[in-house]
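Thanks for coming. I will walk through one chain today, starting with the whole and ending with a few residues.

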Amino acid sequence: MDRPNLEQLYSMNNEIKRLVSSLLDGLDQQQAYLSDVVARLAASRSTACSSDRLLELTVDAYGIVVEVRLADNAFSASTPERLARSITEVARAAARQAQQRRADILTPITETVDSLPDLPDLFPGAPSLREIRDIIDAAARTDSADTDSTRPNRPGHSR
(Lines give C-alpha, C1' and ligand atoms only; values in the text may rest on other atoms or scores of the structure.)
Protein backbone atom coordinates (compact mmCIF):
# COMPACT_ATOMS: atom_id res chain seq x y z
CA MET A 1 0.00 0.00 0.00
CA ASP A 2 1.40 3.38 -1.02
CA ARG A 3 1.71 6.04 1.60
CA PRO A 4 0.60 9.53 0.63
CA ASN A 5 3.40 11.98 0.01
CA LEU A 6 3.74 15.21 1.94
CA GLU A 7 1.96 17.27 -0.71
CA GLN A 8 -1.04 14.91 -0.63
CA LEU A 9 -1.16 15.11 3.18
CA TYR A 10 -1.16 18.92 3.04
CA SER A 11 -3.92 18.86 0.45
CA MET A 12 -6.04 16.44 2.49
CA ASN A 13 -5.44 18.50 5.63
CA ASN A 14 -6.49 21.71 3.86
CA GLU A 15 -9.65 20.05 2.54
CA ILE A 16 -10.59 18.84 6.03
CA LYS A 17 -9.98 22.35 7.39
CA ARG A 18 -12.19 23.80 4.64
CA LEU A 19 -15.00 21.33 5.40
CA VAL A 20 -14.83 21.93 9.18
CA SER A 21 -14.82 25.70 8.61
CA SER A 22 -17.84 25.35 6.36
CA LEU A 23 -19.60 23.31 9.03
CA LEU A 24 -18.88 25.88 11.73
CA ASP A 25 -20.04 28.75 9.50
CA GLY A 26 -23.25 26.85 8.73
CA LEU A 27 -23.88 26.16 12.41
CA ASP A 28 -23.40 29.85 13.23
CA GLN A 29 -25.86 30.77 10.49
CA GLN A 30 -28.42 28.23 11.75
CA GLN A 31 -28.09 29.53 15.30
CA ALA A 32 -28.84 33.05 14.04
CA TYR A 33 -32.03 31.80 12.30
CA LEU A 34 -33.15 29.58 15.15
CA SER A 35 -34.82 32.11 17.47
CA ASP A 36 -36.77 33.62 14.56
CA VAL A 37 -37.83 30.18 13.35
CA VAL A 38 -38.97 29.13 16.82
CA ALA A 39 -41.02 32.33 17.22
CA ARG A 40 -42.59 31.97 13.78
CA LEU A 41 -43.49 28.33 14.42
CA ALA A 42 -45.05 29.22 17.78
CA ALA A 43 -47.17 31.95 16.16
CA SER A 44 -48.09 30.02 13.02
CA ARG A 45 -51.75 29.17 12.50
CA SER A 46 -53.54 27.64 9.52
CA THR A 47 -57.30 27.85 9.09
CA ALA A 48 -59.62 25.96 6.79
CA CYS A 49 -63.34 26.40 6.28
CA SER A 50 -65.90 23.83 5.14
CA SER A 51 -67.50 24.33 1.74
CA ASP A 52 -70.90 24.82 3.39
CA ARG A 53 -69.41 27.51 5.68
CA LEU A 54 -70.73 25.74 8.76
CA LEU A 55 -67.30 24.99 10.19
CA GLU A 56 -63.96 26.73 10.52
CA LEU A 57 -60.97 24.98 12.06
CA THR A 58 -57.55 26.33 13.04
CA VAL A 59 -54.38 24.33 13.69
CA ASP A 60 -50.91 25.25 14.89
CA ALA A 61 -47.67 24.75 12.94
CA TYR A 62 -47.75 21.03 13.67
CA GLY A 63 -51.36 20.43 12.63
CA ILE A 64 -52.70 20.29 16.19
CA VAL A 65 -56.24 21.66 16.43
CA VAL A 66 -56.28 24.88 18.44
CA GLU A 67 -59.76 26.15 17.62
CA VAL A 68 -63.02 24.91 16.12
CA ARG A 69 -65.78 27.35 15.24
CA LEU A 70 -69.25 26.22 14.24
CA ALA A 71 -71.84 28.45 12.61
CA ASP A 72 -74.85 29.20 14.79
CA ASN A 73 -77.00 27.05 12.52
CA ALA A 74 -74.48 24.18 12.13
CA PHE A 75 -76.59 21.61 13.98
CA SER A 76 -79.85 22.57 12.30
CA ALA A 77 -78.37 22.91 8.79
CA SER A 78 -76.50 19.61 8.79
CA THR A 79 -76.68 16.05 10.03
CA PRO A 80 -74.22 14.70 12.61
CA GLU A 81 -72.68 12.43 9.96
CA ARG A 82 -72.15 15.28 7.45
CA LEU A 83 -70.82 17.56 10.17
CA ALA A 84 -68.39 14.87 11.35
CA ARG A 85 -67.22 14.32 7.78
CA SER A 86 -66.76 18.08 7.35
CA ILE A 87 -64.73 18.31 10.55
CA THR A 88 -62.43 15.53 9.33
CA GLU A 89 -62.00 17.08 5.88
CA VAL A 90 -61.38 20.57 7.23
CA ALA A 91 -58.91 19.31 9.86
CA ARG A 92 -56.94 17.51 7.15
CA ALA A 93 -56.96 20.58 4.91
CA ALA A 94 -55.74 22.79 7.74
CA ALA A 95 -53.05 20.24 8.66
CA ARG A 96 -51.81 20.17 5.04
CA GLN A 97 -51.64 23.97 5.07
CA ALA A 98 -49.73 23.85 8.37
CA GLN A 99 -47.28 21.32 6.94
CA GLN A 100 -46.55 23.59 3.97
CA ARG A 101 -46.30 26.69 6.16
CA ARG A 102 -43.93 24.85 8.54
CA ALA A 103 -41.74 23.81 5.60
CA ASP A 104 -41.65 27.43 4.41
CA ILE A 105 -40.67 28.67 7.88
CA LEU A 106 -37.91 26.04 8.14
CA THR A 107 -36.48 26.84 4.69
CA PRO A 108 -33.58 29.01 5.95
CA ILE A 109 -32.42 26.19 8.19
CA THR A 110 -32.92 23.39 5.67
CA GLU A 111 -31.14 25.36 2.96
CA THR A 112 -28.19 25.92 5.28
CA VAL A 113 -28.08 22.23 6.20
CA ASP A 114 -28.20 21.23 2.54
CA SER A 115 -25.20 23.45 1.80
CA LEU A 116 -23.09 21.94 4.58
CA PRO A 117 -20.82 18.94 4.13
CA ASP A 118 -22.44 15.59 4.91
CA LEU A 119 -20.81 12.95 7.12
CA PRO A 120 -19.35 10.98 4.19
CA ASP A 121 -17.60 14.20 3.08
CA LEU A 122 -15.73 14.21 6.38
CA PHE A 123 -15.58 10.51 7.08
CA PRO A 124 -15.63 8.29 3.99
CA GLY A 125 -17.94 5.33 4.51
CA ALA A 126 -20.06 7.08 7.17
CA PRO A 127 -23.84 7.07 6.67
CA SER A 128 -25.31 10.09 4.95
CA LEU A 129 -27.48 12.20 7.25
CA ARG A 130 -29.18 13.66 4.15
CA GLU A 131 -30.18 10.19 2.97
CA ILE A 132 -31.55 9.34 6.41
CA ARG A 133 -33.54 12.61 6.42
CA ASP A 134 -34.90 11.86 2.93
CA ILE A 135 -35.99 8.36 4.01
CA ILE A 136 -37.78 9.77 7.06
CA ASP A 137 -39.45 12.50 4.95
CA ALA A 138 -40.62 9.94 2.40
CA ALA A 139 -42.02 7.72 5.16
CA ALA A 140 -43.86 10.70 6.67
CA ARG A 141 -45.38 11.60 3.29
CA THR A 142 -46.46 7.98 2.74
CA ASP A 143 -47.99 7.83 6.23
CA SER A 144 -49.82 11.12 5.60
CA ALA A 145 -51.17 9.86 2.27
CA ASP A 146 -52.33 6.62 3.90
CA THR A 147 -54.09 8.58 6.64
CA ASP A 148 -55.80 10.81 4.07
CA SER A 149 -57.11 7.80 2.15
CA THR A 150 -58.72 6.11 5.13
CA ARG A 151 -62.06 7.02 6.60
CA PRO A 152 -62.52 7.24 10.33
CA ASN A 153 -64.73 4.70 12.05
CA ARG A 154 -68.22 5.93 12.74
CA PRO A 155 -69.57 5.43 16.24
CA GLY A 156 -71.31 2.10 16.48
CA HIS A 157 -69.76 0.82 13.24
CA SER A 158 -66.61 -1.18 12.67
CA ARG A 159 -64.55 -1.64 9.58
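**The chain as a whole**

The chain has an accessible surface of about 11500 Å², and 56% of that surface belongs to carbon and sulfur atoms. Please keep in mind that this is a predicted model. The chain has 159 residues, and 19% of them count as buried.

What does the chain consist of, in helices and strands? The count is five helices and three strands. Going along the sequence, the order is α-β-β-β-α-α-α-α. On contacts, take those with a separation of 6 or more: 48% of them are between residues 24 or more positions apart.

**The sheet**

Now to the strands. In what order do the three strands sit in the sheet? The order is S1-S2-S3, in an open sheet with antiparallel pairing. Strand S1, residues 45-49, and strand S3, residues 65-70, are the edges; each has a single partner strand, so one side of each has no neighbour in the sheet. On average, neighbouring strands are turned by 15 degrees against each other, with direction ignored.

Let me take the two pairings in turn. Strand S2 covers residues 55-60, and five bridges connect S2 with S1 in the antiparallel sense. Within that pairing, Cys49 has Glu56 in S2 as its bridge partner. S2 and S3 also run antiparallel, and they are joined by five bridges. Here Glu56 comes up again, with Arg69 in S3 as its bridge partner.

The hairpin of S2 and S3 has four residues between the strands, and in this hairpin Gly63 takes a positive phi near 85 degrees.

**Salt bridges**

How many salt bridges does a search of the whole structure find? The search finds four.

Arg69 forms a salt bridge with Glu56, and their closest N and O atoms are 2.0 Å apart. Since Arg69 is in strand S3 and Glu56 is in strand S2, this pair ties together parts that are 13 residues apart in sequence. Recall that Arg69 is also the bridge partner of Glu56 in S3.

Arg69 has a salt bridge with Glu67 as well, with the closest N and O atoms 2.5 Å apart. Glu56, Glu67 and Arg69 are therefore described as one network, linked by salt bridges as a salt bridge is a side-chain nitrogen of Lys or Arg within 4 Å of a carboxyl oxygen of Asp or Glu.

Arg69 is partly exposed, at 29% relative accessibility. Glu56 is partly exposed at 28%, and Glu67 is partly exposed at 37%.

The next pair is in a helix. Glu15 and Arg18 form a salt bridge, with 2.7 Å between the closest N and O atoms. Why are these two residues about one helical turn apart? They are three residues apart in helix H1, which accounts for the separation of about one turn. Glu15 has a relative accessible area of 35% and is partly exposed. Arg18 is partly exposed too, with 46% relative accessibility.

**A nonpolar patch**

We stay with helix H1 for a moment. This helix covers residues 6-43, and Leu9 has its place there. Which residues form a nonpolar patch on the surface? The patch is made of Leu6, Leu9, Tyr10 and Met12, and together they have about 420 Å² of accessible area. Taking Leu9 as one of the four, its relative accessibility is 39%, so it counts as partly exposed.

The last item is in helix H3, residues 80-115, where Thr110 is located. Thr110 counts as partly exposed, with 35% relative accessibility. How far from Gln30 is Thr110, along the chain and between C-alpha atoms? Along the chain, Thr110 and Gln30 are 80 residues apart, while their C-alpha atoms are separated by 9.0 Å.

**To sum up**

To recap, the chain has five helices and three strands, and the strands form an open antiparallel sheet in the order S1-S2-S3. Glu56 is a bridge partner of Cys49, and Glu56 belongs with Glu67 and Arg69 to a network of salt bridges.

Methods:
Residues numbered from 1 in each chain as written. Predicted model: local features only at pLDDT ≥ 70, side-chain atom pairs only at ≥ 80, totals over all residues. Heavy atoms only, no water. Pairing = 2+ DSSP bridges. Axes fitted to C-alpha atoms, helices over the stretch in contact; angles between N-to-C directions. Patch = residues over 30% accessible without salt bridge, like charges linked within 9 Å, V, L, I, M, F, W, Y side chains within 5 Å. Areas by Shrake-Rupley, 256 points an atom, 1.4 Å probe, with all protein chains shown as cover. Buried < 20%, exposed > 50% of the residue type's maximum accessible area, 1.4 Å probe, protein only. Contact = heavy atoms within 4.5 Å.
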